[in-house]
Amino acid sequence: MTLQADYVERVYAGVLGKIIAVYLGRPIEGWSHEMIVERFGEINYYVHEALDVPLIVTDDDLSGTFTFVRAMPDYGNSLDLTPVQIGQTWLNYIVEGKTILWWGGIGDVTEHTAYIRLKNGIQPPRSGSIELNGPIMAEQIGSQIFIDGWGMIAPGDPVLAADLARRAASVSHDGEAIYGAQVVAALEAQAFVESDINKLIDSAVSLIPSDSTTYRMIEKVRNWHARQPDWRGTLGQIDSEYSRDRYPGNCHIVPNHARIILALLYGDDDFQKSLMVVNTSGFDTDCNSGNVGCIMGIKNGLVGIDAGPDWRGPVADRLYLPTADGGSGISDAVGETYKLVNIGRGMQGLEPLTPKNGARYHFSLQGSVQGFEPETGRESNNTVTIENVSGHSKKGDRSLALRFHRLAKGRIARVATLTFIPSKEIADYFDERGYRLLASPTLYPGQVVRAGLVAEAANADTVTLRLYARHYNEDDALEIIGSEPVQVAPGAEVNLDWLVPETGNQPIATIGIEITGENGASGTVYLDWLTWDGTPDMHLNRPTISEAGQEKRKRPKFWKKAWIYALDSSERFDSWDYWTQAYRLIQNEGRGLLIQGTRDWIDYQFAATAMPRVCEAGGIAVRVQGLQRYYALLLDQERTRIVRVLDGETVLAETDSGWSVEQNYDLKLKVEGGKLTAFVSGEQVLETQDPEAALTGGGIALIAQAGFIYFDNVAVRPL
């Protein structure tokens with residue numbers, strides 16, 4: 001496998017194609033062709049507004065696609081990756097009942113059934129097998145909707161892509177569902193080097209059994225296409241021979257895979273028309289559309305996406321990926337592109353790509369905005385537009401042009417991108433919808449935000465710039481904070497630095513650039529890059545409220561959304577009126593975690609006061625990368641331990657003294673490099689080294705194991 005010169009750009013087009021197509025198909029998911037035609041005629045552009053739903057959504061097609069492929073870097077980008085390891089990846093990132101999967105119950109929903117098998121110790125491929133789950137359950141569509149990432153990390157190698165797809169799909173599926181997944185992954189891998197649709201299909205079907213239903217179905221659809229110029233006629237033949245009555249279950253792969261082939265054959269090699277055909281055909285539109293969008297994006301690149309209407313503008317690269325690794329919940333197409341590209345590079349032993357010295361926002365890909373959008377409102381409405389442009393960068397080839405317009409005194413131009421859930425209303429919508437938007441903030445107090453900017457030489461006047469952020473307050477509304485303003489003359493370059501202050505344990509929702517001017521100033525400032533680094537320095541206690549808030553009995557609630565709640569008990573883990581402690585964690589059986597933070601946290605100390613009531617064990621964790629990857633200080637009534645949880649649990653150090661119920665214990669765990677040091681009530685009790693240095697970064701967690709524990713005085717500090 002050789003990486004093509006345009007590998008990064010093709011992956012970006014594939015990621016964008018997937019995102020755009022899922023957002024296009026999601027509002028009409030499950031509709032029949034007849035229902036769609038009656039309401040819309042054809043699906044030629046986004047229809048979310050007509051159905052009063054958001055465009056940017058949490059969705060299993062996206063969450064599963066960009067999450068399960070993390071098995072590769074989590075296991076060293078090894079070509080020997082096993083289905084068992086991919087199954088372990090499910091258990092690490094999925095928060096039961098809340099993220100990625102459709103939680104309809106065992107025996108009804110394929111992925112939920114497989115998850116329960118995994119949780120009960122049944123390993124892949126048996127967890128998804130026909131033998132265990134029956135043919136109907138095992139042959140539903142989920143195998144192919146999560147598969148695109150595996151094709152994109154094997155560019156030009158459909159054999160490898162199909163093999164990886166088999167391993168990944170076997171966690172939850174079997175039979176025809178495996179074959180459908182292999183075809184999609186092989187199409188995507190070969191699309192990096194082959195542009196002819198029929199040759200792509202030839203290559204893909206050669207990798208599955210010729211006596212399979214999927215192989216024969218694809219052959220029939222191709223024959224119908226050869227005789228029938230109208231895609232609607234072939235759709236009628238598909239629905240006659242491969243009807244949902246013949247292929248039962250919630251969403252069988254065969255009728256839906258047929259729609260993917262239909263769209264590829266009748267799409268005239270056009271991104272928009274291919275998406276029109278697959279979405280107007282009906283049934284599982286977001287799934288089928290997502291696969292087609294990814295294939296067409298890879299095959300024809302960004303120019304193919306941009307040839308039609310403005311698909312990219314409304315999306316602005318935005319993407320939600322809720323998992324137990326909360327710091328990855330707010331993402332964008334560029335970030336996910338480089339993750340996939342660096343997996344592909346890592347599989348070949350190549351160093352990762354880190355544009356502009358690893359800046360979070362670098363705008364290196366044509367047309368990318370990485371979630372940045374003009375802010376609207378009383379002070380800033382219609383004062384700025386943005387555009388990805390070539391040049392004006394000291395560290396790369398592209399930058400983000402911020403074009404401000406007639407800035408009167410008191411008018412402010414602002415552009416920003418999300419670092420957390422955008423509003424309480426959005427969070428509530430997804431809670432009700434079923435695919436929860438679980439996310440931790442990506443930016444925290446104590447970290448330093450840095451940005452490089454250039455003022456256009458042709459600007460008529462000096463402008464004033466500053467970094468700004470919005471964080472939630474006691475009314476669960478957003479308020480603004482920012483750095484000191486800096487004046488920038490035409491043609492000047494400036495680097496801005498800002499130490500983010502404490503926010504009272506209120507999550508930071510956006511980060512951006514603010515431009516002010518005088519006398520109706522117009523011009524352009526180029527944002528070259530923006531990033532942040534450093535260890536958070538903050539307390540995480542329950543937010544305080546003002547006297548006015550107390551009088552109005554207002555209690556801020558949105559701060560709790562910053563935590564990934566992976567416990568049995570109610571998510572009302574704070575207790576304003578009855579207990580003095582900030583957190584109460586209840587886990588009925590097994591181990592539950594309350595998680596916050598990002599993988600960018602490397603060396604730090606984490607402290608909390610714990611009071612066990614009735615519990616088997618509990619404690620605190622650092623470098624948390626999900627539910628199955630962390631270091632922890634754990635106490636029970638007999639022992640105190642430092643453990644590494646990674647494909648099982650390894651005790652790194654322990655003592656034979658523990659804790660007693662109904663007593664307060666000040667816990668602190670320091671992590672520096674591979675060294676871990678534990679303190680209990682001010683006394684150092686353990687120090688150890690992880691000989692494998694297996695976990696290099698991650699967030700924090702409070703832990704309750706089979707019981708009820710209070711926590712208070714929670715804080716993350718630099719060493």
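Me: Which residues in helix 17 meet Thr285, Asn288 and Ser289, among others, in helix 18?
Reply: This is a predicted model. On the helix 18 side, the contact also includes Val292, Gly293, Met296, Gly297, Gly304 and Ile305. On the helix 17 side, the residues are Phe271, Ser274, Leu275, Val278 and Asn279.

Me: How do the residues of that contact divide into nonpolar, polar and charged?
Reply: The contact of helix 17 with helix 18 has no charged residues. Gly counts as polar here. The division is six nonpolar and eight polar.

Me: Is helix 17 roughly parallel or roughly antiparallel to helix 18?
Reply: Two packed helices are described by the angle between their axes and the distance between the axes. The axes of helix 17 (residues 271-280) and helix 18 (residues 285-306) come within 9 Å. They cross at roughly 175 degrees. An angle over 145 degrees counts as roughly antiparallel, so helix 17 and helix 18 are roughly antiparallel.

Me: What is the order of the strands in the open sheet of five?
Reply: The pairing in this sheet is antiparallel. The twist averages 30 degrees from one strand to the next. The strand order is 4-5-13-7-11.

Me: Why is one side of strand 4 and of strand 11 left without a neighbour in the sheet?
Reply: Strand 4 covers 384-390 and strand 11 covers 493-499. Each has a single partner strand, so one side of each has no neighbour in the sheet. Both strands stand at the edges.

Me: Which residue in strand 5 is the bridge partner of Val384?
Reply: Strand 4 runs antiparallel to strand 5 (residues 398-407). Seven bridges join the two strands. In strand 5, the partner of Val384 is Phe404.

Me: What is the volume of the largest cavity?
Reply: The whole structure holds four cavities of 30 Å³ or more. The largest cavity is lined by 17 residues, and the closest to its centre are Tyr444, Asn505, Gln506, Pro507 and Leu540. By class, this lining has eleven nonpolar, five polar and one charged residues. The volume of the largest cavity is about 100 Å³.

Me: Which elements give two or more residues to the lining of the second largest cavity?
Reply: This cavity holds about 70 Å³ of space. Its lining includes Phe68, Trp90, Phe146 and Trp150. By class, there are seven nonpolar, three polar and no charged residues. The elements asked for are helix 9 (142-145) and helix 11 (158-169).

Me: Which element gives the largest share of the lining of the second largest pocket?
Reply: The second largest pocket has a volume of about 780 Å³. Two or more lining residues come from each of helix 5 (83-93), helix 6 (110-119), strand 15 (564-566) and strand 16 (583-596). The largest share is six residues, and they come from strand 16.

Me: Which residues lie nearest the centre of the second largest pocket?
Reply: The second largest pocket is lined by 32 residues. By class, they are 15 nonpolar, nine polar and eight charged. Nearest the centre are Glu96, Tyr115, Lys119, Arg591 and Gln628.

Me: Is the peptide bond from Pro124 to Pro125 cis or trans?
Reply: Most peptide bonds are trans. Pro125 lies in the loop between helix 6 and helix 7 (130-133). Omega of the bond from Pro124 to Pro125 is near 5 degrees, and the bond is cis.

Me: What is the phi of Asp317?
Reply: Most residues other than glycine have a negative phi. Asp317 is found in the loop between helix 19 (312-315) and strand 1 (318-320). Its phi is positive, near 70 degrees.

Note on methods
Residues numbered from 1 in each chain as written. Predicted model: local features only at pLDDT ≥ 70, side-chain atom pairs only at ≥ 80, totals over all residues. Heavy atoms only, no water. Axes fitted to C-alpha atoms, helices over the stretch in contact; angles between N-to-C directions. Helix = DSSP H or I, 4+ residues; strand = E, 2+ residues; numbered from the N terminus. Parallel < 35°, antiparallel > 145°, perpendicular 65-115°, else oblique. Contact = heavy atoms within 4.5 Å. 1 Å grid on protein atoms, 1.4 Å probe; cavity = no way out; pocket = protein on both sides within 12 Å on 5 of 7 lines; lining within 4 Å. Points joined across faces, edges and corners; volume = space filled by probe spheres on them. Pairing = 2+ DSSP bridges.
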